[in-house]
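User: I would like to learn how to read a model like this one, feature by feature. Could we begin with the aromatic rings?

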Amino acid sequence: MRQKLDNLYWRMRFRFMGMMEDFLKDEEGDTNMVSMIVLIVIVIALATIFKEQLQLAIEAVFGKLTEFINTGL
């Protein structure tokens, strides 16, 4: 019985070590993360550049929404 448990332990340990090695060497998600960061930076830059226009547009939308809600009641 002890031999079976030892064999199971070593198989699981080697499998885990192999998975950890694959995880550390895998670079599949790196390009996605970089592209997401670049997109976030671009959105923040555009929001900063067009801040006043965005505020006016949002105020107009919420003004019309409030007016629609008030006339519906």
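User: Which residues do ring pairs link into a cluster?

Analyst: A pair of aromatic rings is described by the distance of the centres and the angle of the planes. The rule used here takes rings of Phe, Tyr and Trp (its six-membered ring) as paired if their centres lie within 6.5 Å; planes under 30 degrees apart count as stacked, over 60 as edge-to-face and the rest as tilted. In this predicted model, ring pairs join Tyr9, Trp10 and Phe14 into a cluster. One point on reading the model: local features need pLDDT of at least 70, side-chain atom pairs count only at pLDDT 80 or more, and totals for chains, interfaces and linings use all residues. Residues are numbered from 1 along each chain as its sequence is written, and side-chain values use heavy atoms, with hydrogens and water left out.

User: Where do Trp10 and Phe14 lie?

Analyst: Helices (H or I, at least four residues) and strands (E, at least two) are DSSP runs, numbered from the N terminus. Trp10 and Phe14 both belong to helix H1 (residues 2-25), and they are 4 residues apart, about one turn of the helix.

User: Is Phe14 buried or exposed?

Analyst: Buried means under 20% relative accessible area, exposed over 50%, and partly exposed in between (1.4 Å probe, protein chains only). Phe14 counts as exposed because its relative accessibility is 61%.

User: What span does H1 reach, and how many of its residues are buried?

Analyst: The expected span of a helix is 1.5 Å times one less than its number of residues. H1 has 24 residues and reaches 34 Å from its first C-alpha to its last, close to the 34 Å expected at 1.5 Å a residue. H1 is hardly covered, with 0 buried residues among its 24. Met1 sits in the segment before H1 and is exposed at 76% relative accessibility. The C-alpha atoms of Met1 and Met12, 11 residues apart along the chain, are separated by 17 Å.

User: How does H3 read on these points?

Analyst: Helix H3 (residues 51-72) has 22 residues and reaches 31 Å from first C-alpha to last, close to the 32 Å expected. H3 is hardly covered as well, since the count of buried residues among its 22 is 0. Glu52 lies in helix H3 and is exposed, with a relative accessible area of 57%. Its C-alpha is separated by 51 Å from that of Met19, 33 residues away along the chain.
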